[in-house]
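Please open the model in your viewer and keep the sequence panel beside it, so that each selection below can be followed in both places.

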Amino acid sequence: MPELPGSLRAIVSLLRSAFTAPSFDTFSWLIYGFIAQVGERTVTGMWQAARLSGRLHHSRAHDFFSRARWSTDEVGLRLLEGVVALLVPAGAPLRLAVDDTLFRRSGKKVWGSFLHHDPTARGEHAVRLGNSWVVAGLLVDFRSCTAPSASR
């Protein structure tokens, strides 16, 4: 099985508590494949780039996103802890930026598509069909930048 480089293994291991042991292995292999893949980063492409095609069935990679036991909330919180520990000075306030822009999508196969108010639309088109994903980003000041950067 592919072995993550030590520096990447240290970062990925921060997220271990969000996964069961089998799902953590699959997650680690997908991370490896995501970095190694030079083309389009599909699930199957990441599985191939991790050199797992023919060794483990590709359904394991697909099942990771649809059936495996892991917590996206826990992954986000562990990532936030790591970024804060690395980039935010001790005692400094945390500044967050939140966005809930409507992503206009329609069709029978678009998961989670509902009617949402679109504040950017005018007149009778203020309600649109689509997804509204709420994204939160941690604002971090870097000395080399004139404006804060967000890690989301």
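**Before selecting anything**

This is a predicted model, in which local features need pLDDT of at least 70 and side-chain atom pairs count only at pLDDT 80 or more, whereas totals for chains, interfaces and linings use all residues. Residues are numbered from 1 along each chain as its sequence is written, and side-chain values use heavy atoms, with hydrogens and water left out.

**The whole chain**

Along its principal axes, the C-alpha trace spans about 55 × 50 × 30 Å.

Switch to a surface view next. The accessible surface comes to about 11000 Å², of which 57% belongs to carbon and sulfur atoms, with areas calculated by the Shrake-Rupley method using a 1.4 Å probe, and for residues only the protein chains shown count as cover. Of the 152 residues, 26% count as buried, a class that means under 20% relative accessible area, while exposed means over 50% and partly exposed lies in between (1.4 Å probe, protein chains only). Among contacts with a separation of 6 or more, 49% are accounted for by residues 24 or more positions apart, a contact being heavy atoms within 4.5 Å.

**Helix α2 and its neighbours**

Select residues 21-36, which form helix α2, a run of 16 residues that reaches 23 Å from its first C-alpha to its last, close to the 22 Å expected at 1.5 Å a residue; the expected span is 1.5 Å times one less than the number of residues. Now show the side chains of the buried residues of α2, among them Phe-24, Phe-27, Trp-29 and Leu-30. The buried residues of this helix pack against α1 (6-13), α3 (43-49) and α4 (59-66).

Which residues is Thr-26 in contact with, leaving aside its neighbours within four places in sequence? Centre the view on Thr-26 in helix α2, and look for Trp-47, Arg-60, Ala-61 and Phe-64, which are its contacts beyond those neighbours. Thr-26 counts as buried because its relative accessibility is 3%.

Move to Gly-45, which lies in helix α3 and is buried, with a relative accessible area of 5%. A distance drawn between the C-alpha atoms of Gly-45 and Thr-146, 101 residues apart along the chain, comes to 38 Å.

Then select Arg-51, in the loop between α3 and α4. Arg-51 counts as exposed because its relative accessibility is 62%. Its phi is near 60°, a positive value in a residue other than glycine. Most residues other than glycine have a negative phi.

**Helix α5**

Select residues 72-87, the helix α5 that holds Leu-77. Leu-77 is partly exposed at 46% relative accessibility, and its C-alpha atom is separated by 9.0 Å from that of Leu-15, 62 residues apart along the chain. Also in helix α5 is Leu-79, which counts as partly exposed at 44% relative accessibility. Leu-79 and Phe-19 are 60 residues apart in sequence and 14 Å apart in space, C-alpha to C-alpha.

**Strand β1**

Finish at Asp-99, in strand β1 (residues 95-99), where a relative accessibility of 38% makes this residue partly exposed. Asp-99 and Val-134 are 35 residues apart in sequence, and their C-alpha atoms are 5.7 Å apart in space.

Conventions. Helices (H or I, at least four residues) and strands (E, at least two) are DSSP runs, numbered from the N terminus.
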